[in-house]
Amino acid sequence: MDTRLTNLYVAAIYKVILCIFGIIGNMLFIHLIYRRKQLQSKTSIFQCIQCFFHIFCSIGTVQNGVIDIGDTYIRSECFNQITYYVFFQAAQGLLMLHIVLDIWFFVKFPIVYRNISKTKSIIFSGIPILIFSIFTTLYGFFTTNDDTIYSCSPPFAFGPKAGVLYKYLFIVLALIIIIIYCIIIRSFKTRNISTTSQISFKKTITRLQLTVLIFFLSWFVSQVLGLIILEISNYPKWLGMLLVHNVFFVCLSYSNTFYVTLLKSKDFYSTSRRRLQGIMWRSSRGGNSNSSTQDQLISMFSSKQSVYIRAIGFIYIRYTQPPEDLWNWLKYLPAAVVTVFATTAKPSRTAKQPTRRRRVAVLCRRAKPSPKVSFSL
């Protein structure tokens, strides 16, 4: 067995391994979002769709070059075999850009972002992705020919000029994604926040930096190496053996979503977004408080100055917490409120019997402070 064939076998082995890990990881990610409703944000739903695309892309990487190692292919026949791979690769490439734009829009316009429903966001985002994928697939179909190629993958299945244009397009998209990530990180660093909020902000920045690093070392590097392979027609044997392993970065980009998520956060990125909302709320009020959100809310619950301060605390919980968790907080309502709602008789209003509004206000001021509760944003 010569060195070139051995090199191809090594590439085939890790292609199969990364494909298995990628399919398992992507399915686990989708299962996690489906089972935990508190993680079902717009960004996480888009990531689920991306994981669905990555499953088919991972299958496409092992369809050729594993069993038929060392064989040559007819370009048109190769394109017919991997048409689905071309479609899903184009879809996930544009979806990456949409995900990072979604994060940027959330950071810059949080109020407008929350007012956009998930259904509308998915529909209006899915239409351009679908059009782009169909157009890319049809473009490859009309530009392919009957030449002989040594690798059956999307850029090689296109015509020579079309394959180069295809790679340039994805490199430009990747550069735009990296630039937007850098803008998001910079916006976090320049935000004026309190001392207690800096730890959470630093963790968020670290997660974003890790995302940019992995994206650069996987997808961006694979596209640049793929362009080099297409542009250089003649290169030495040792360089050709190295460029074969470009498929490693391609497979890595299809399989890292779930495992990178575990590295970035124990509670997952969407939970961090919920925590970030509390930080932004505090920073918008001046960021002078040295207490956590939990301590601030407990202080509002036990306030004896006004019943309206208590109401604001529970309104904040209603705005930030999932509906299924709301009833767990209602048990901390003062006993006076429960007494008023449970009262069915309507006593006559005399001078010695105050109105219900006054009775609620008096009893709430006399109520004891609520016990410390577990709260996490």
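The following dialogue explains how to read several features of one predicted model.

Visitor: On what basis are residues numbered and features counted here?

Guide: Residues are numbered from 1 along each chain as its sequence is written, and in this predicted model local features need pLDDT of at least 70, side-chain atom pairs count only at pLDDT 80 or more, and totals for chains, interfaces and linings use all residues. Side-chain values use heavy atoms, with hydrogens and water left out.

Visitor: How many helices and strands does the chain have?

Guide: Helices (H or I, at least four residues) and strands (E, at least two) are DSSP runs, numbered from the N terminus. The chain has 18 helices and 2 strands.

Visitor: Which residues does UniProt list under "transmembrane region"?

Guide: UniProt positions are given in the numbering used here, feature names are shortened, and annotations may be inferred rather than shown by experiment. The unreviewed UniProt entry lists residues 12–33, 45–62, 82–101, 122–142, 168–188, 208–230 and 242–263. In the model, residues 82–101 are 95% helix and 0% strand, with end C-alpha atoms 29 Å apart. Residues 242–263 are 86% helix and 0% strand, and their end C-alpha atoms are 29 Å apart.

Visitor: What share of the chain counts as buried?

Guide: Buried means under 20% relative accessible area, exposed over 50%, and partly exposed in between (1.4 Å probe, protein chains only). Of the 377 residues of the chain, 47% count as buried. Helix H11 (residues 246–255) is largely enclosed by the rest of the structure, because 7 of its 10 residues are buried. Among these buried residues are Asn 246, Cys 251 and Tyr 254.

Visitor: Is Ser 58 buried or exposed, and which residues does Ser 58 touch?

Guide: Contact means heavy atoms within 4.5 Å. Ser 58 lies in helix H2 (residues 42–63) and counts as buried because its relative accessibility is 3%. Leaving out residues up to four places away in sequence, Ser 58 touches Cys 19, Ile 23 and Tyr 254; Tyr 254 is itself one of the buried residues of H11.

Visitor: What can be said of Glu 231 in helix H9?

Guide: Glu 231, in helix H9, has a relative accessibility of 44% and therefore counts as partly exposed. Apart from neighbours within four places in sequence, Glu 231 is in contact with Val 164 and Tyr 168. Val 164 is 67 residues away along the chain, yet the C-alpha atoms of Glu 231 and Val 164 are separated by 7.2 Å. For the chain, among contacts between residues at least 6 apart in sequence, 79% join residues at least 24 apart.

Visitor: How many cavities does the search find, and which residues lie nearest the centre of the largest cavity?

Guide: On a 1 Å grid over the protein atoms alone, a cavity is a set of points where a 1.4 Å probe fits but cannot get out, and a pocket is an open set with protein on both sides within 12 Å along at least five of seven lines; lining residues have an atom within 4 Å of a point. Grid points are joined across faces, edges and corners, and a volume is the space filled by probe spheres set on the points. The search finds 2 cavities of 30 Å³ or more, and the largest holds about 390 Å³. Its lining has 23 residues, with Gln 47, Gln 50, Tyr 181, Thr 211 and Asn 256 nearest the centre. H9 gives the most to this lining, with 6 residues.

Visitor: What is the volume of the largest pocket?

Guide: The largest pocket has about 1300 Å³ of space. Its 48 lining residues include Tyr 150, Ser 151, Phe 156, Ile 229 and Val 244, the closest to its centre.
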